[in-house]
Amino acid sequence: MWYHKPVINEDMLQSLPNLKIVASSGVGIDHLDLNLLSSYGVKASNTPFVVSTDTADLGMALMLASSRRLVEGYQMAVSCDTEYFPADWLGTEVSGATLGIVGMGTIGYKVAERAKGFEMKILYHNRNRRNKEEESAVGAIYCKKIDDLLQQSDFVLLSVNLTPETHKLIGKRELELMKPTATLINISRGLVVDQDALVEALQNKVIKAAALDVTYPEPLPRDHPLLKLKNVIITPHIGSATKKTRRLMMENMTESIQAGLTGLPVPNEVL
Amino acid sequence: MSKKVQAIYLWWHKSVIDQELLQSLPNLKVIANSGVGMDHLDLKLVASFGVKVANAPCDVSGSTADTEVALLLASARRLVEGYHVAISSGMEYCEADFLGVEVTGATLRINGMGSIGYKIALRAKAFEMNILYHNRTWRKEQEEQAVGATYCKKIDSLLQKADFVMVVVSLTPLTDELIGKREMELMKPAATLINISGGTIQNCPATALQTGVIRAAALEVTYPEPLPRLPSLLITLLKLENIIITPHLSIKTGKATYMITEEAAENILAALNGLPIPSEVLPS
């Protein structure tokens, strides 16, 4: 299963009586009804760790591109109408700025490791606090309340799983807590953000900018306001899109399938 | 009016300082340049008019290093292309086909390990990149170890092993066209070239990109800036999908611009008061 296709529903499961395993690409499994699968005796697997570094790299790429207005700059450089580059056309610093990471799992932690190289101040919010060694290795400060993180961060990066608890985690209230100079970066799932509230916040300059690798739905309808905002960078869910990683994902999935078909313990099984 | 002008704050390459201008400003005492690069100024000509010159080598190396890593990441992950796909009015794209190359664990070769090159190495290390560098001189062992960098005496050596080649030198006659056709052909076909130095270092990147000699390029500056809107250039360089060109973003932040301007102002005030100029540049 790639990019959540085909859709696994009751009809599909009934039509495939000998289906033993669904191997899903990537780490997110929010698109799978695990109880339904289990009721048909079908196992499920994902590819959790192999996607982590590429996704963290993309999170950094989006943060840097957004802060330095890279896409706008490119458009200016290649436009037929450009005669000179205006002196007052400016971006903002990443080095030394404050990054708030919401969701400090494998991906979130790798983002923190990379951000440390830029001398960023790192705050994080997570269901559970990381241990002291892990925190001090990246200089990360725990924020028990997400509000504290939102109020202090220049960049807020979302790297949580999508669960009922994280659905619309960032809504109107959270966006209003953020600094008006802050940027929201989402590399988790579109539904973690209240998208309508985000559009409004960007239009009304409640926050400065957003950089999104994920939206809901994917792709967005072609007339969606997010596609037209100058202060938004959107990429087509390419967090794990490198040749090497895709190959590794495929290898993982093949292993899971082979194990599932031969009745052996399934690597990366999701229960 | 022209008799009143005693100082010029040169914001990038404007205004052009030539014989005519210098002759028209008899009371000019100092030209303060924004930034550190001086290749656009004829220092001997300016000195012949008794005018002092200063640059602003203030520490915007962090800001510049950030831009270069931004370009490296954007190019590797095809961020600009991805953006255009995501917002395009058509629905033609197939997600499974859209692949970039890995940054974590890749080999970065840095040509030029001054303060900017070193800060780039610090950032690249956080991405677990393997760092090779070439510089006029070796860095100290502790400095090398801190970023896990390996020195390469010859420019050619290990061009073949690098996934990313980044050029970070100040433009001088020695470095003009440092990366030309020959060097690009030595690079891996899967490699990316990132140039953040004076724009003339590029030589025919269009051909190399079109024919797949190298995978992609990201150019921070081009000479002249912006690229002239000539039909032939428009068709080639500017339309290539595997090139990102940015308008000298490296110092375009509020903080960096402020620091540069503050330093230039210090230089101007010193010159006008007959005091030693903090960052005076003499013709070599």
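## A buried glutamate in chain B

B:Glu183 is buried, since its relative accessible area of 12% falls under the 20% cut-off. This residue belongs to helix α7 of chain B, which covers residues 181-186. Its side chain makes a polar contact with the side chain of B:Arg182, at 3.5 Å.

## Confidence in the model

Keep in mind that this is a predicted model. For the complex, the predictor gives an ipTM of 0.92 and a pTM of 0.90.

Chain B has a mean pLDDT of 83, with 84% of its residues at 70 or more. Over residues 200-204 of chain B, however, the pLDDT is below 50, and this stretch has 23 contacts in the model beyond near neighbours in sequence.

## A covered helix in chain A

Now to chain A, where helix α3 takes in residues 52-67, 16 residues in total. From first C-alpha to last, α3 of chain A reaches 23 Å, close to the 22 Å expected at 1.5 Å a residue. The helix is mostly covered, with 16 of its 16 residues buried. Just after α3 of chain A comes A:Arg69, with a positive phi of about 55 degrees.

## Rings and a charge

Over all chains, the structure holds 4 aromatic pairs. One of them joins A:Tyr124 and A:Tyr142 in a tilted arrangement, 5.2 Å centre to centre and 50 degrees between the planes. A:Tyr124 sits in strand β4 and A:Tyr142 in strand β5 of chain A, so the pair ties together parts 18 residues apart in sequence. Both tyrosines, A:Tyr124 and A:Tyr142, are buried.

The pair of B:Tyr9 and B:Trp11 is edge-to-face because the planes stand at 75 degrees, with ring centres 6.1 Å apart. B:Tyr9 is partly exposed, at a relative accessible area of 30%. Elsewhere in chain B, B:Arg78 lies over the face of B:Phe98, 4.3 Å from the ring centre.

Definitions and conventions. Residues are numbered from 1 along each chain as its sequence is written. Chains are lettered from A and ligands numbered from 1 in the order in which they are written. This is a predicted model: local features need pLDDT of at least 70, side-chain atom pairs count only at pLDDT 80 or more; totals for chains, interfaces and linings use all residues. Side-chain values use heavy atoms; hydrogens and water are left out. Helices (H or I, at least four residues) and strands (E, at least two) are DSSP runs, numbered from the N terminus. The expected span of a helix is 1.5 Å times one less than its number of residues. Buried means under 20% relative accessible area, exposed over 50%, partly exposed in between (1.4 Å probe, protein chains only). pLDDT is the predictor's confidence in each residue, from 0 to 100. Contact means heavy atoms within 4.5 Å. A polar contact is a pair of N or O atoms within 3.5 Å; within protein, one must be able to donate a hydrogen and the other to accept it, and residues adjacent in sequence count only if both atoms are side-chain atoms. Rings of Phe, Tyr and Trp (its six-membered ring) pair if their centres lie within 6.5 Å; planes under 30 degrees apart count as stacked, over 60 as edge-to-face and the rest as tilted. A charge sits over a ring if NZ of Lys or CZ of Arg is within 6 Å of the ring centre and within 35 degrees of the ring normal.
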